[in-house]
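Subject: Handover of a structure and its findings

Dear colleague,

Please find below the structure that I am handing over to you.

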Amino acid sequence: MVTLAGGDGISLFIPKLYDIVWSLVILVVVAVFFYKYFMPKFNSIFDERAEKIEGNFSKAAKAKEEADEAKKKYEEQLNGARMDASKIRDDARSEAKQIIADAHSKADADAAQITATAQRSIASQQQQAMVKLKGDVGTLATSLAGKIIGQELKDPDMQSHMLDQMLDDMENEGKQ
Amino acid sequence: MGIITLAQIAGNLNLIGYGLAALGPSLGLGLIVSKSVESTARQPEMAGKIQTLMLIGAAMVELLGLLGFVALLIM
Amino acid sequence: MFESVSKTTILAAGTGADLPTVKDFLPPEILFQGTPFAINRIILIRIVATVILLSVLALTASHAKLVPGRWQSMIEMGIGFIRDGVVYSVMGELRGKRYVSMIVALFFTILVFNLCGIIPGANMAATATVAMPLAFAAWTLVQYCWAGIREKGAWGFIRDECFTPGVPWPVYFLLAPIQLLELIIVRPASLTIRLFANMVSGHLTLATCLAFAQYWVFEASNKLTGVPVGAMWLVGGLIMTLFEIFVAFLQAYVFAILTTAYINLSYPEE
């Protein structure tokens, strides 16, 4: 059986020249690979990913902002529409009132006119009737008087004079 | 193992020396680990930092044990 | 390692288990013998591991998409683990940014090199000669010295490291050399020895378990006790394999985190 150290254990810790050469070659190759290719590649991927995630966040925030704005706009429009509607309603109401009032006043005016016309016509008819009545009463009275006093009053001057006197008398009687 | 092999192992005093040299670092490692477990239990939020420090300390102590091993090899 | 164990065991049947020795880590040169570019078994493993690692990562990177697939998200998880869990948690994001590439490279390379120790056919970590951990440690040394010199100037860096403020001046005669030694020798040496010795001891333990399993099952004369004991050694080998996976990860992690901590120490106090 061979013992563990066997006397040349020290040679383990004395690097050989070719060992050093190959170690350095490998070290340099590994270092260059990692510094120049591997880490920049992955760093760019990490950065890109972070950027993308951040970009998505900002995009989402932007979309939310836009949505908020649209909502605000919509609400504003809604409010405006509501106000418009109420205004229109008020207008309509007042217009209706106006119309009703106009109609009222027109009707009143018409009624007054009609009344006035009627009164006027009544008045004129009354007058006509009065005149006619006056004439009729005159003739009637004349004929009556003629019949009563006979032929004496054939003279028209006399006749009208008498008639006037009689009417005056009647008026006076009416007044008393 | 035969009697000859036993005699050969007994002949290598370096191994006994290495066994003795491993005693100190083993105690040290035990202390380091027990203390860091204690600290982690006290402040769980510092666990990462404590673990890092523990590993650095353990690496220092481990070196002492390995120096014994190296001495075993080269003597 | 398997081949050598079985071959020698057959040749030397009955003479005992073929236990691993340090010779496993000093294999003969098989290509370009005698030149500075000589290749032995471990270096071959290392080159193959590098080629596989780089081509897999290059393929992943060139096919990388914004929405990762399963494999890509695994790689990304590894990068994120090193970046957030190691570099940024130790140094902070501002300082750490420039070192992420280095620490990720160290972690991935060391992890894959360590895992070669349990891959059938390789059975030897690519970090299991002293030069590879030494090269990684030298990289760390250069990085933290450069960081200190850039941040504080050469003299300021040496002064801060060697003449720690708040110490009476006679102590500096003792302290300054120790601190300088710590800065230039001990830190890289400790990184090297930690990684290398872990790989060596892991290989030795695992190979010992398997060699004894082989010996007790096939070579021992008494099969009645040999087979159960060999089975126990095999179970031990399985457990050690799992443990080696853990150690491979842990050592890569520790190397990465210590490198980060050393670089961070070179920066001025906040």
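Chain A contains two helices and zero strands. Please keep in mind throughout that this is a predicted model. Of the 176 residues in chain A, 14% are buried.

Chain C has nine helices and two strands. Their order along the sequence is α-β-β-α-α-α-α-α-α-α-α. The C-alpha trace of chain C spans about 70 × 60 × 40 Å along its principal axes. Chain C has 270 residues, and 49% of them are buried. Among its contacts with a separation of 6 or more, 68% are between residues 24 or more positions apart. The accessible surface of chain C is about 12700 Å², with 74% belonging to carbon and sulfur atoms. As for charge, chain C carries 16 positive and 15 negative side chains. The centres of these two sets lie 4 Å apart.

I turn next to the interface of chain A with chain C. Here 39 residues of chain A are in contact with 54 residues of chain C. Between them the two chains bury about 4100 Å², of which 76% is on carbon and sulfur atoms. On the chain A side, the residues that lose the most area to chain C are Leu12(A), Tyr18(A) and Trp22(A), which together give 17% of what that side buries.

Two salt bridges are counted between chain A and chain C. Arg49(A) pairs with Glu76(C) in a salt bridge whose closest N and O atoms are 3.0 Å apart. Arg46(C) forms a salt bridge with Asp19(A), and there too the closest N and O atoms are 3.0 Å apart. This pair joins two chains, because Arg46(C) lies in helix H2 (residues 41-62) of chain C while Asp19(A) lies in helix H1 (residues 17-149) of chain A. Arg46(C) and Asp19(A) are both buried.

Chain C also has an interface with chain B. In this case 14 residues of chain B are in contact with 20 residues of chain C. The area buried between chain B and chain C is about 1400 Å², and carbon and sulfur atoms give 78% of it. In chain B, Leu55(B), Leu63(B) and Phe69(B) lose the most area to chain C, together 30% of what that side buries. One salt bridge is counted between chain B and chain C. The side chains of Arg194(C) and Glu62(B) meet in a salt bridge, with 3.9 Å from N to O.

Helix H7 (residues 154-162) of chain C has as its buried residues Gly156(C), Phe157(C), Glu161(C) and Cys162(C). Their cover includes helix H6 (131-152), helix H8 (172-219) and helix H9 (223-266) of chain C.

Which residue forms a salt bridge with Glu161(C)? The partner is Arg187(C), with the closest N and O atoms 4.0 Å apart. Arg187(C) lies in helix H8 of chain C and Glu161(C) in helix H7 of chain C, so the pair ties together parts that are 26 residues apart in sequence. Arg187(C) has a relative accessible area of 5% and is therefore buried. Glu161(C) is likewise buried, at a relative accessible area of 12%.

Glu151(C) and Arg150(C) meet through their side chains in a salt bridge, at 3.7 Å from N to O. Glu151(C) is partly exposed, with a relative accessible area of 37%. Arg150(C) also counts as partly exposed, at 28% relative accessibility. Over all chains, the count comes to 12 salt bridges.

Leaving aside residues up to four places away in sequence, Thr259(C) touches Met102(C), Ile103(C), Leu106(C), Thr140(C) and Leu191(C).

With kind regards

Technical notes. Residues are numbered from 1 along each chain as its sequence is written. Chains are lettered from A and ligands numbered from 1 in the order in which they are written. This is a predicted model: local features need pLDDT of at least 70, side-chain atom pairs count only at pLDDT 80 or more; totals for chains, interfaces and linings use all residues. Side-chain values use heavy atoms; hydrogens and water are left out. Helices (H or I, at least four residues) and strands (E, at least two) are DSSP runs, numbered from the N terminus. Buried means under 20% relative accessible area, exposed over 50%, partly exposed in between (1.4 Å probe, protein chains only). Contact means heavy atoms within 4.5 Å. Accessible areas come from the Shrake-Rupley method with a 1.4 Å probe; for residues, only the protein chains shown count as cover. Lys and Arg count as positive and Asp and Glu as negative; His and the chain ends are not counted. The place of a charge is taken as NZ of Lys, CZ of Arg, CG of Asp or CD of Glu. Buried area is the accessible area (1.4 Å probe) that two parts lose on being put together, summed over both.
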